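Reader: I would like a close look at a single part of this model. Please keep it brisk.

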Amino acid sequence: NAKEKGKNSYKFYEKEMEQRIKDSLKLERDLRQAIKDEEFELFYQPLFDLEKNKVKTVEALIRWKKPGAGYVSPAEFLPFAEKTGLITEIGRWVFKEACRQKKQWLARGYNGFSIAINISAKELDDAKFFDSLVKEINNNNLDSSNLEVEITESDVMENMDENIKVLKELRELGVKVSLDDFGTGYSSLTYLRKMPIDNIKIDRSFIANILSDGKEKRILSSIIELSRVIGLNITVEGIENEAQLEFVRDKGCDRAQGYLLARPAPAEELENYLEGN
Ligand code: C2E
Ligand code: MG
Ligand code: MG
Ligand code: MG
């Protein structure tokens, strides 16, 4: 009967809740351990300068090398790391490692390109964020103008005044700021005009269907034109085929990134792309 049924579904719900709590406690424990043991690795994906046909920037993308589980993608643990605040420590590891790698590439004769790191808004909340980034830049004798930070549009939008303040400080230091996943965060044109940013990375959802859908094509064209009017350097992410590449080249975009050009890969594999820079 209905009452029994209700009771059963309640029990089921309770079990499910219990499992979810267990899972998230385990994830938190594993993640804390991972931070201690530095079980992370940075992959790098090039951004191709369309005018010079060269790699001028490589983006660092974190992977969790979980024992027995292979590489875990950031989508699976970053949201949780943000929720628990563990992102602060993970983020510090990221820019420490990225700066170390940049210095090593310089020592091996690879120069003429920047490193881009992703940061989430939660990292900006940390009062020590700025100083620890500066410390890593200095410790490795890096030129801050060879560093870019990418922050997603939706992340900038929350707690905007505070975030904009830190981004401004970064730019004063010479660091370039990119607005990531643009088009998914509902920022108005008024804001976009005022944001302290150098580059815009148009989200890959805007390129995905341009070949089959004329309206999509026109939308992407408008975003590109608008970004140019504002004076931003334009990257389109998610280039997966030749026709898309041709399109962004035609439109005069500055940089392109995507599986067609290169997939994210361990640092050693990047050296092929950095040759001749
Ligand atoms: P994102 O910064 O927008 O990076 C682009 C994502 O799209 C990467 O996924 C990349 O592997 C993937 N991608 C690149 N080209 C293509 C393509 O042609 N097609 C498709 N379908 N995908 C492509 P990934 O590495 O899984 O990273 C996901 C997101 O996690 C990143 O999005 C970024 O927001 C975040 N993230 C990654 N590393 C870090 C980090 O070190 N710190 C922080 N705070 N966030 C990070
Ligand atoms: Mg990014
Ligand atoms: Mg992106
Ligand atoms: Mg994206």
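Reader: In S3, which residue is the bridge partner of tryptophan 64?

Author: The partner is valine 72. Keep in mind that this is a predicted model. Tryptophan 64 pairs there across two strands, S2 and S3. They run antiparallel, with three bridges between them. S3 covers residues 70-72. Three residues separate S2 and S3 in a hairpin. Glycine 68 sits in that turn, with a positive phi of about 80°.

S2 also pairs with S1. S2 spans residues 54-66, and S1 spans residues 40-49. This pairing is antiparallel over ten bridges. Within it, arginine 63 in S2 faces glutamate 41. S1 and S2 form a hairpin too, with four residues between them. In its turn, asparagine 53 has a positive phi of about 55°.

Then there is S4. It pairs with S2 in the parallel sense, over four bridges. Serine 114 in S4 stands opposite threonine 57.

Now the metal. The magnesium ion (ligand 2) has Glu59, Asn118, Glu150 and Asp180 as its protein donors, at 2.0 to 2.2 Å. Their spacing in sequence is E-x58-N-x31-E-x29-D. Asparagine 118 lies in S4 (residues 114-118) and glutamate 150 in S5 (residues 147-152), so this pair ties together parts 32 residues apart in sequence. Asparagine 118 is partly exposed, at 27% relative accessible area. Glutamate 150 is buried, at 1%.

Notes: Residues are numbered from 1 along each chain as its sequence is written. Chains are lettered from A and ligands numbered from 1 in the order in which they are written. This is a predicted model: local features need pLDDT of at least 70, side-chain atom pairs count only at pLDDT 80 or more; totals for chains, interfaces and linings use all residues. Side-chain values use heavy atoms; hydrogens and water are left out. Donors are N, O and S atoms within 2.8 Å of the metal (3.2 Å for Na, K and Ca); water is not among the atoms, so sites may look incomplete. Buried means under 20% relative accessible area, exposed over 50%, partly exposed in between (1.4 Å probe, protein chains only). Two strands pair if DSSP finds at least two bridges between them.
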